[in-house]
Structure formats: C-alpha cells, structure tokens
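Student: Could we talk through the salt bridges in this one together?
Tutor: Gladly, let's have a look.

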Amino acid sequence: LKLELSARSNAVKLETLKELLIEEMRDLYSAESQILKALPKMVKAASEPELRNAFAEHLEQTKKHVERLETVFEGLGKKPKRKTCRAMEGIIEEGEEMMKQDAEPSVRDAALIAAAQRVEHYEIAGYGTVIAYAKLLQDGAVELLQQTLNEEKETDQKLTELAERLVNLEAAAL
Ligand SMILES: [Fe+2]
C-alpha cells in the first residue's frame, strides 16, 4: 500500500475532467501512432485480397485519425503529446508474435483479423470515453472524434464480415 501511495503521488494530479480528457487523448495519440506503424506489416502479411484492402484502407483512415487528434489537442490549447499506450504495445506485440509463426495463409488471415479486432475494440473504448467527456465539457471536439469512432466501428464490422464470409470458412475447410 505504501508503495502504491508513493507511486501515485509521483504522478501529476488530475484536477478536472478536461485534464483527464487530455490524458486519454494522449493515450489514443500513442495508440494511433503505434497502429500506423503496425498496419503496413499487416497489409503484407494478409493473403486474402479483400483483407489486404481492408487493412490498406484502414491505414489511410488511421493517418486521418492522427491528424484529427492533433486538431483536437490544438482546440484544447495543448501541444499534441503521446503517453505511451502500453495496452496497445501488448496487443500489437501479440499480433506480431502470431505473424512470425508458420501458418497456412487462411489461418494466418483469421489470426490477423483476431489481432486487428482487438486493436479496434481498444480504440472504440477510448474514443467512446473521450467523446463522452467532450460532450460534458461542451467541447467542439465531439464531431471530429465521432468521425473517427464511426470509422473504427465500420472497420470492426468489416473485419467481422470478412471473417464470416471468407477467411474463417477457408481456414475451416483445411
Ligand atoms: Fe484509429
């Protein structure tokens, strides 16, 4: 307990919901930056052309997500700053371990979808949170953040659809 307390006292005290919003934005900014690096590897690793396209399209969207976060930081009067998202580091690391493993192409595609959906769900949770805070604070960021959230949800749904229509069926037929 002593250790916990001293660890806590070292951190900057969060005084307001706006400060918490900025902390959460920094986490997302780190997460998006990590995804930006990981997606080209996923494009290369995917065999199914539709899955490849889905990852390539999401790579382009992710570039916009990073820009939108930068715009929102500016609107809040803050310099865009990352706070290393260790959760995303873990999710991506697990995905990379999977990609290194020898696998049948359709099985690998199924594993790529599993990893990518974990990424999307983390982001959906994060953006849902910052949108809720921005709404309470009546901040103009809501609309931009909502656009990103919609794209994350659409990507998640597209991945489910691809898994159900193609990838998992191919893997199951081996
Ligand atoms: Fe994103």
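Tutor: A salt bridge here is a side-chain nitrogen of Lys or Arg within 4 Å of a carboxyl oxygen of Asp or Glu. Please keep in mind that this is a predicted model.

Student: How many salt bridges does this rule give?
Tutor: Side chains of opposite charge can pair when their charged atoms come close. With the 4 Å rule applied, the count of salt bridges comes to eight.

Student: Is arginine 26 buried or partly exposed?
Tutor: Buried means under 20% relative accessible area. Arginine 26 has 15% relative accessibility, so arginine 26 counts as buried.

Student: Which residue joins Glu23 and Arg26 in a network of salt bridges?
Tutor: Glutamate 23 and arginine 26 already form a salt bridge with each other. The network also links in a lysine, namely Lys83.

Student: How many residues apart in sequence are glutamate 57 and lysine 158?
Tutor: Their side chains meet in a salt bridge, at 2.9 Å from N to O. Glutamate 57 lies in helix H3 (residues 49-75) and lysine 158 in helix H6 (residues 142-172), so this pair ties together parts whose separation in sequence is 101 residues.

Technical notes
Residues numbered from 1 in each chain as written. Predicted model: local features only at pLDDT ≥ 70, side-chain atom pairs only at ≥ 80, totals over all residues. Heavy atoms only, no water. Buried < 20%, exposed > 50% of the residue type's maximum accessible area, 1.4 Å probe, protein only. Helix = DSSP H or I, 4+ residues; strand = E, 2+ residues; numbered from the N terminus.
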